[in-house]
Amino acid sequence: MKLHKLRAEMAARGIPALVVSGDSNRYYMSGFTGSSGVLVITQSDAVLITDFRYTEQAAQQAHGFRVVMHAGRIPESVSAVAQELGIKRLGLESEHLTYAEFESYSRALSGVAEVVPVKGAVEAIRMIKDPQEIEIIAEACRITDMAFDHILGYIRPGLTEKQVATELKVFMLRHDMTPSFDFIVASGERGSMPHGVASDKVIEPGDLVTLDFGGFYRRYSSDITRTVVMGRATDEQRRIYDLVLKAQAAGVEAATAGMRGNEVDAVARGIISEAGHGAHFGHGLGHSIGLEVHESPRFSPTDSTVIQAGMVLSVEPGVYVPGWGGVRIEDLVVITEGKARVMYSSTKELIQL
Ligand SMILES: [Mn+2]
C-alpha cells in the first residue's frame with residue numbers, strides 16, 4: 001500500500017526511480033529497522049541496499065524488497081542497480097543527503113543516469129497516518145498520560161527542574177518508551193522561554209511550571225505540554241492560564257479536515273491577540289508528528305496546507321511574558337471528517353499543587 005502510494009507520487013512528479021535515504025523514510029517504506037542503507041524504488045522494482053551487518057535482518061523485515069549487500073560504497077551499488085534495471089533518471093532525496101554524499105552519487109552515476117533532486121515525496125505520504133500508525137501513537141499517548149499523572153505525585157518545591165525531567169525519563173523508559181527530545185521543565189521566570197530545557201533551577205513555591213515531554217513508542221513519538229502551579233494560583237497566573245486554555249480549545253475545535261493550517265492557527269492566535277498578548281505568542285500553533293517529533297504540515301501562519309483526515313498534529317498555544325513566566329498547553333489530535341479527536345486524557349484544568 002505504501003509502495004503503491006509512493007509510486008503514484010513518483011509518477012505524478014515524473015520521477016521514474018527514487019533513492020530513499022532518509023532514516024524515517026527508509027523505515028516507513030520498508031519496515032527495515034537497521035540504521036544504514038537505502039531503497040531504490042521504481043514502478044516495478046523495490047531494492048534495499050544495505051551492508052553485511054543487516055542483510056539477514058533486512059530480508060526478514062523488508063517484505064517486497066530484494067535485498068542487495070553492498071561492499072562499502074552505497075552509491076556504487078545504486079549505480080549497479082540502476083544499470084541492471086535500465087534506470088536513466090534517478091531521484092535523490094535532497095533533504096536527506098550531505099553534500100559529500102551527493103558528490104559520491106554524482107560520480108558513481110555519471111554516464112549511467114541523470115540525477116534529480118526530490119523533496120518530500122515520502123513525507124507527502126507519511127502525512128496521512130493509517131489506522132495502525134494511529135493506534136501506535138494512541139498507545140504512546142496513553143503511556144505519556146501515565147507519566148504526567150506520575151510526575152504530579154513527584155514534583156514539589158525544592159526539586160530542580162532537571163530532577164523532574166529525569167523522573168519523567170525514567171518513568172518512560174520503564175514503560176517501553178524512549179525520550180524523543182530534551183524535556184522542557186521551565187519554572188517561574190524561565191517559563192517565558194518556550195524551549196526552556198530543564199535546568200539546575202530549583203522549583204519554588206508559587207512557580208508556574210511548564211512540562212513539555214514525549215517519547216518514542218514502537219518508533220512513533222508522543223508530545224505533550226501541561227503547565228501546573230506550585231501552590232495557589234495568583235489572579236494573573238489564572239488569567240493567563242485561562243486565556244491559553246481558551247485558545248487551545250478553540251484550536252482543537254477548528255482543527256477539522258478541509259481547513260488550512262494557517263486558518264487553524266489564526267483561530268487560536270486571534271483569541272490571544274484580542275487579549276493583548278499577540279506579541280507573547282511567537283511560535284506556530286502546532287506541528288504534525290509521527291516517526292519524527294516535528295513533521296509537516298503545521299498549524300502556522302506560513303503553512304496553507306489543507307488539513308486532511310488521518311493527520312496527527314499538536315495544538316499548543318502559549319503565552320510567554322519575559323520576566324514573569326509562561327503558560328503552554330499542548331495536545332495531540334487526530335484529524336477526522338468531524339471533530340478532531342484529542343489523544344490524551346490528562347486534564348487541562350489548572351492543577352494547583
Ligand atoms: Mn510539540
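A salt bridge is a side-chain nitrogen of Lys or Arg within 4 Å of a carboxyl oxygen of Asp or Glu. The legends below describe close-up views of a predicted model.

**View 1. Glu 295 and Arg 126 form a salt bridge.** The closest N and O atoms of Glu 295 and Arg 126 are 2.9 Å apart. Glu 295 belongs to strand S14 (residues 295–299) and Arg 126 to helix H6 (residues 121–126), so this pair ties together parts that are 169 residues apart in sequence. Both residues, Glu 295 and Arg 126, are buried. The structure holds 20 salt bridges.

**View 2. Glu 253 and Lys 339 meet in a salt bridge.** The N to O distance between the two side chains is 2.5 Å. The pair links distant parts of the chain, 86 residues apart: Glu 253 is in helix H9 (residues 235–254), and Lys 339 is in the loop between strand S18 (331–334) and strand S19 (341–342). Glu 253 is partly exposed, its relative accessible area being 48%. Lys 339 has a relative accessibility of 57% and therefore counts as exposed, because exposed means over 50%.

View 3. Lys 348 lies in the loop between S19 and strand S20 (351–352), while Asp 331 lies in strand S18, so the pair ties together parts that are 17 residues apart in sequence. Asp 331 is buried, with a relative accessible area of 0%.

**View 4. Thr 42 is a buried residue in strand S2.** Strand S2 covers residues 38–42. The relative accessibility of Thr 42 is 8%; this counts as buried because the limit is under 20%. The side chain of Thr 42 reaches the backbone nitrogen of Ser 44 at 3.2 Å. Leaving aside residues up to four places away in sequence, Thr 42 touches Arg 7, Met 10, Pro 16, Ala 17, Leu 85 and Ile 87.

**View 5. Pro 317 is a buried residue in a loop.** The loop runs between strand S15 (312–315) and strand S16 (318–321). Pro 317 has a relative accessible area of 0%. Not counting residues up to four places away in sequence, Pro 317 touches several residues, among them Val 244, Ile 272, Phe 281, Leu 285 and Val 327. Pro 317 and Val 327 are 10 residues apart along the chain, and their C-alpha atoms are separated by 8.5 Å.

Key. Residues numbered from 1 in each chain as written. Predicted model: local features only at pLDDT ≥ 70, side-chain atom pairs only at ≥ 80, totals over all residues. Heavy atoms only, no water. Helix = DSSP H or I, 4+ residues; strand = E, 2+ residues; numbered from the N terminus. Buried < 20%, exposed > 50% of the residue type's maximum accessible area, 1.4 Å probe, protein only. Polar contact = N/O pair within 3.5 Å; in protein donor to acceptor, adjacent residues only side chain to side chain. Contact = heavy atoms within 4.5 Å.
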